[in-house]
Amino acid sequence: MLRFLARRLLLTIPVLLGVATMVFALIHLVPGDPAVSMLGEAATPADVAALRGKLGLDDPLPVQYGRFLSAAVRGHLGQSLRTGRPVTTELSEKLGATVLLAVTAMGVALVVALPLGILAAVRAGTWVDSAAMALALVGVSMPNFWLGPLLALLFGVTLGWLPVSGRGPSSEMLIGSVPRVPPEYLVLPALTLGLALAAILARMTRASLVEELKELYVRAARARGLSRTRTVLRHALRNGLIPIITIVGLQFGAVLTGTIITETIFAWPGLGRLLIQSIQFRDYPMVQGCILLIAVTYVAVNLITDLAYGLADPRIRYE
């Protein structure tokens, strides 16, 4: 296990280096000048040139790249060009809101998908199966940028049941690094993210469980007098967890990138909204910090997913 962890951690170094290189290169290809964004269109060329020199933007790109990598290795991602604050401070303040939204959305997905997928698998070939998979197909087909405004218009504007933006008046009260948010402010963004994930997860749960229900050990369990519910949940579902865990791990990583659209729609002050604002302002250090943090999260989630395989199936050994 320790050798497996050490090998995986070593493999993350070239991955993160590649991500950092690509982000640095692409962000510098985006049209626009951060100095002009900071000073405004009415700024004189002399003022723009002075600010570019102060920020180090006049240095050759290899020099800027080396300075960026050197600071990143030390855990310092620079200062935001938009706010003047350290990038790590800004990221730590926004991370809690994004994690809260992502975990809630994943909870919505699991609560909806697992019962739907199990029911479809148990009733495979019937109208129940067809109806469940039709719902899943609808969920997969609805993009976040369409579903979010639709839910906001229906439940926020037309019915007036739920707020459509922000985190509420008590959002500044923190529990650790995660903000305490009134539940009604979480409903619409969590549903927007969670329903699409639920559709994919439900289809995978059904496919995995249908295959397991055909195995001989399921018949043997039923022959020993076990109830159908216990046979499905205790034996078949557990043996079919590996592909389900894989999808959950991949989708949880996708949730963090999906929040970019959802947080913008619902004015949710998290990493996604911060990234969009930083791109619009040409805030190079903040964009690089956001992308690096998302990449690290992806790597960490994939590692946790691999470790979860061993818990779900004791036959798996790490070499």
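Trainee: Where does F145 lie?
Mentor: In this predicted model, F145 belongs to helix α7.

Trainee: Why is F145 called exposed?
Mentor: The relative accessibility of F145 is 56%. Exposed means over 50%, so F145 counts as exposed.

Trainee: What makes F145, W146, L150 and I261 a nonpolar patch?
Mentor: A patch residue needs over 30% relative accessible area and no salt bridge, and nonpolar side chains are joined within 5 Å. F145, W146, L150 and I261 form such a patch on the surface, and their accessible area together is about 410 Å². For F145, the value of 56% is over the 30% cut-off.

Trainee: Which helix gives the most to the nonpolar patch?
Mentor: Helix α7, residues 144–158, gives the most, with 3 residues.

Trainee: How do you know whether A97 is buried or exposed?
Mentor: A97, which is found in helix α5, has a relative accessible area of 0%. Buried means under 20%, so A97 is buried.

Trainee: How far apart are A97 and W268 in sequence and in space?
Mentor: A97 and W268 are 171 residues apart in sequence, while their C-alpha atoms are 7.9 Å apart in space.

Trainee: W268 also lines a cavity. What makes a space a cavity rather than a pocket?
Mentor: In a cavity a 1.4 Å probe fits but cannot get out, whereas a pocket is an open set of points. The structure holds 2 cavities of 30 Å³ or more.

Trainee: Which residues line the largest cavity, and how do they divide by class?
Mentor: Among the lining residues are T98, L256, L271, G272, L275 and T297. Helices α11, α12 and α13 each give two or more residues to this lining. The lining divides into 6 nonpolar, 4 polar and no charged residues. G272 is one of the lining residues, and Gly counts as polar.

Trainee: What lines the second largest cavity?
Mentor: The lining includes P163, Y185, F266 and W268. By class, there are 6 nonpolar, 2 polar and no charged residues.

Trainee: How do the two largest pockets divide by class?
Mentor: The largest pocket, with about 440 Å³ of space, has a lining of 9 nonpolar, 7 polar and 1 charged residues. Its 17 lining residues include L55, R67, G78, Q79 and P285, which are the closest to its centre. Helix α4 supplies the largest share of that lining, 4 residues. The second largest pocket has a volume of about 340 Å³, and its lining has 13 nonpolar, 2 polar and no charged residues.

Trainee: Why is A267 called partly exposed?
Mentor: A267 has a relative accessibility of 23%. Buried means under 20% and exposed over 50%, with partly exposed in between, so A267 counts as partly exposed.

Trainee: How do you know that R206 and D129 form a salt bridge?
Mentor: A salt bridge needs a side-chain nitrogen of Lys or Arg within 4 Å of a carboxyl oxygen of Asp or Glu. For R206 and D129, the N to O distance is 2.7 Å, so the pair meets the cut-off. The pair links distant parts of the chain, with R206 in helix α8 and D129 in helix α6, 77 residues apart.

Trainee: Are R206 and D129 buried or partly exposed?
Mentor: R206, at 21%, is partly exposed, while D129, at 7%, is buried because its value is under 20%.

Trainee: Why is the pair of E211 and K214 called a salt bridge?
Mentor: The closest N and O atoms of E211 and K214 are 4.0 Å apart. The cut-off is within 4 Å, so the pair counts as a salt bridge. E211 is partly exposed at 46%, whereas K214 is exposed at 54%.

Trainee: What joins R85, E90 and E93 into one network?
Mentor: Salt bridges that share partners join R85, E90 and E93. In one of these, R85 and E93 meet at 2.6 Å, N to O.

Notes: Residues numbered from 1 in each chain as written. Predicted model: local features only at pLDDT ≥ 70, side-chain atom pairs only at ≥ 80, totals over all residues. Heavy atoms only, no water. Patch = residues over 30% accessible without salt bridge, like charges linked within 9 Å, V, L, I, M, F, W, Y side chains within 5 Å. Areas by Shrake-Rupley, 256 points an atom, 1.4 Å probe, with all protein chains shown as cover. Buried < 20%, exposed > 50% of the residue type's maximum accessible area, 1.4 Å probe, protein only. 1 Å grid on protein atoms, 1.4 Å probe; cavity = no way out; pocket = protein on both sides within 12 Å on 5 of 7 lines; lining within 4 Å. Points joined across faces, edges and corners; volume = space filled by probe spheres on them.
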